Amino acid sequence: MNNSKIKQLDLSDRRSIVLGLLFILPIPIFLTSLAMGSVSIPIAEVVTILLGGIPTKASWQDIIIQFRLPKAITAILAGAALSTSGLQLQTLFKNPLAGPSILGINAGASLGVALVILGTQLIGGVSLTSLGLMGSYATVIAACMGAGIVTALVILVSRRVQGASTLLVLGLLFGYGTGAMVDLLLYFSSAEPIKSYLNWTAGSFGGVTWEQLPILAVGILGSLLMAILVAPSLNPLLLGESQAQSLGISIERLRLLVLVSSSLLAGIVTAFCGPISFIGVAVPHLCRGLLRTADLRWLFPAVSLVGATFAMVADIIAQMPGGKSVLPINSVTSLIGTPIIAWIILRQERKN
């Protein structure tokens with residue numbers, strides 16, 4: 001066996017080991033996220049509660065089951081969805097900075113929420129907080145509709161545009177246009193609805209209830225399944241569009257499927273959790289560095305696992321264990337992700 005084959009086997013073994021570790025890593029992080037918060041709970045007690053046992057304090061069971069468990073599950077689903085969406089878009093556009101927000105999907109969801117939160121105050125003088133559960137569902141529906149409208153526009157344009165870079169620029173323009181409309185709504189609004197909107201834009205995994213969680217889970221898992229089915233056709237695109245076409249792959253159909261699946265993943269998360277930034281951009285880069293490959297057969301499971309772990313770690317930091325205040329998730333993900341991306345880029349430059 002020659003040296004190149006030995007090296008190839010070594011890389012494959014290394015990737016298998018790394019991927020195996022990535023399957024294990026979310027478990028302790030998940031338990032830690034349930035244990036930490038304004039009320040610290042021993043991990044042994046957390047395990048007891050999850051296994052159906054009786055904890056030392058009855059209040060601990062309510063804290064974990066009613067509040068921390070749905071939040072942790074939401075973080076897992078959101079992290080996997082955003083990172084998978086980012087991997088798809090980076091592969092499609094061959095752009096290392098491509099992410100779920102690059103096509104204006106997050107901006108569309110933000111516009112929908114702004115129209116509900118700020119518009120109800122401007123037109124009827126009604127605050128969503130006074131509507132209770134109806135107000136929270138109105139926010140989710142508005143975000144879904146806003147993201148869906150922008151997604152439909154992007155898909156419509158994609159049928160008329162041949163170049164991926166042109167579509168990327170048009171997506172950015174959609175984002176700027178919807179952002180300008182949100183700014184106008186903010187300008188004419190009063191302090192209370194502006195505060196409610198800004199709280200939503202900070203992002204949070206804690207706003208999803210047990211009643212909403214099945215809807216979020218079905219939407220994300222269905223979209224992830226679509227992304228997995230698209231992956232075999234997306235992988236040859238790494239060799240170039242001409243090579244992919246020579247293998248019988250329709251570039252136009254592939255682009256449409258990627259846009260639909262990635263938009264659904266980003267739009268659903270944004271609707272329920274707010275515009276969570278940086279996970280979709282940072283995690284694919286981190287996984288490429290860990291696995292030393294661009295092969296999507298390795299990267300798809302890796303980004304889902306790392307994205308889920310990344311989101312849970314960000315939520316743990318945002319809780320400021322021992323304190324009563326909660327940091328914005330967007331600020332935490334950016335603070336964690338920025339040095340990771342910088343390190344990977346500098347490392348690649350040194351190799352080149």
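Leu22 is buried, with a relative accessible area of 9%; buried denotes under 20% relative accessible area, exposed over 50% and partly exposed the range in between, with a 1.4 Å probe and protein chains only. Leu22 belongs to helix H1 (residues 3–24). Helices (H or I, at least four residues) and strands (E, at least two) are DSSP runs, numbered from the N terminus.

Leaving aside residues up to four places away in sequence, Leu22 touches Ala302, Leu305 and Val306, where contact means heavy atoms within 4.5 Å. Between Leu22 and Val306 lie 284 residues in sequence, yet their C-alpha atoms are 6.9 Å apart.

## Model and confidence

This is a predicted model, in which local features need pLDDT of at least 70 and side-chain atom pairs count only at pLDDT 80 or more, while totals for chains, interfaces and linings use all residues. Residues are numbered from 1 along each chain as its sequence is written, and side-chain values use heavy atoms, with hydrogens and water left out.

The average pLDDT of the chain is 80, and 87% of the residues score at least 70; pLDDT is the predictor's confidence in each residue, from 0 to 100. Over residues 123–134 pLDDT stays under 50, and the model has 13 contacts beyond four places in sequence for them. Where pLDDT is low, the predicted coordinates should not be read in detail.

## Overall architecture

The chain contains 14 helices and zero strands. Of its 352 residues, 49% are buried. Among contacts with a separation of 6 or more, 76% are between residues 24 or more positions apart.

## Packing of H12 with H13

Helix H12 (residues 279–291) and helix H13 (residues 296–318) pack at about 125°, their axes 9 Å apart. Axes are lines fitted to C-alpha atoms, for helices over the stretch in contact, and angles run from 0 to 180 degrees between N-to-C directions. H12 and H13 are therefore oblique to each other; angles under 35 degrees count as roughly parallel, over 145 as roughly antiparallel, 65 to 115 as roughly perpendicular and the rest as oblique.

The contact residues include Val283 and Arg288 of H12 and Ala302 and Val306 of H13.

## Packing of H4 with H12

Helix H4 (residues 58–93) packs against H12 at about 75°, with the axes 7 Å apart. H4 and H12 are therefore roughly perpendicular to each other. Among the residues in contact are Gly79, Gly86 and Gln90 of H4, together with Val283 and Arg288 of H12.
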